[in-house]
Amino acid sequence: MKESIKMIKQVRTKNNSFSTVKYDKDGNILTPSRIKELAKARRKDSSGEKWVKITTQFYGTCCVCNSRILIGAPVLWNKKSKQTKHGKCP
Ligand SMILES: [Zn+2]
């Protein structure tokens with residue numbers, strides 16, 4: 001998270017106190033919710049769990065329940081690990 005913060009500014013608020021404003025490398029203000037969002041996106045990336053909804057064109061085996069996946073069945077396919085699993089295991 002630290003590397004995305006390029007600039008930190010102290011600004012005076014209406015009630016005469018100081019507030020810290022952080023900017024990312026693109027000059028966008030990093031609000032607490034934005035920081036949370038970025039952290040969430042990063043966690044998603046690092047997990048490598050990218051399941052794509054596809055329809056099978058050949059027989060496969062579900063990596064969760066180990067049963068046969070029929071041709072034409074809607075399944076989830078992991079691009080990274082090349083695994084296939086049922087959208088909903090029977
Ligand atoms: Zn299954």
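This briefing covers the fold, strand pairing and loop residues of a predicted model.

Local features are given only where pLDDT is at least 70, and side-chain atom pairs count only at pLDDT 80 or more, while totals for chains, interfaces and linings use all residues. Residues are numbered from 1 along each chain as its sequence is written. The protein chain has 1 helix and 8 strands. Buried residues account for 2% of its 90 residues.

**Overall layout**

- Along the sequence, the protein chain reads β-β-β-α-β-β-β-β-β.
- Helices (H or I, at least four residues) and strands (E, at least two) are DSSP runs, numbered from the N terminus.
- A residue is buried if 20 or more other C-beta atoms lie within 10 Å of its own, exposed if 12 or fewer, and partly exposed in between; the C-beta atoms are placed from the backbone.
- Of the contacts between residues at least 6 apart in sequence, 24% join residues at least 24 apart.
- Two residues are in contact if their C-beta atoms, placed from the backbone, lie within 7 Å.

- Strand β2 covers residues 18-24 and strand β3 covers residues 29-30.
- The two strands pair in the antiparallel sense, over 2 bridges.
- Two strands pair if DSSP finds at least two bridges between them.
- β2 and β3 form a hairpin with 4 residues between them.
- Gly27 sits in the turn of this hairpin, with a positive phi of about 85 degrees.
- Lys22 has Leu30 of β3 as its bridge partner.
- Leu30 counts as partly exposed because it has 19 C-beta neighbours inside 10 Å.
- Leu30 and Ile8 are 22 residues apart in sequence, and their C-alpha atoms are 9.6 Å apart in space.

**The β4-β7-β8 sheet**

- An open sheet of 3 strands has the order β4-β7-β8, with antiparallel pairing.
- β4 (51-55) and β8 (84-86) are the edge strands, and each pairs on one side only.
- The twist averages 35 degrees from one strand to the next.
- For such angles, axes are lines fitted to C-alpha atoms (for helices, over the stretch in contact), and values run from 0 to 180 degrees between N-to-C directions.

- β4 pairs with strand β7 (residues 74-78) in the antiparallel sense, over 5 bridges.
- Val52 has Trp77 of β7 as its bridge partner.
- Ile54 is bridged to Val75 in β7.
- Thr55 has Pro74 as its bridge partner in β7.
- β7 and β8 run antiparallel and are joined by 3 bridges.
- Leu76 stands opposite Lys85 in β8.

**Lys82 in the β7-β8 hairpin**

- The hairpin of β7 and β8 has 5 residues between the strands.
- Lys82 lies in the loop between β7 and β8.
- Lys82 takes a positive phi near 60 degrees in this hairpin.
- Lys82 counts as exposed, because it has 8 C-beta neighbours inside 10 Å.
- Lys82 and Trp51 are 31 residues apart along the chain, and their C-alpha atoms are separated by 9.6 Å.

**Asparagines with positive phi**

- Asn16 has a positive phi of about 65 degrees although it is not a glycine.
- Asn16 lies in the loop between β1 (5-12) and β2.
- Asn16 is exposed, because it has 6 other C-beta atoms within 10 Å.
- Asn66 is not a glycine either, and has a positive phi of about 65 degrees.
- Asn66 is placed in the loop between β5 (60-61) and β6 (68-69).
- Asn66 is exposed, because it has 9 other C-beta atoms within 10 Å.
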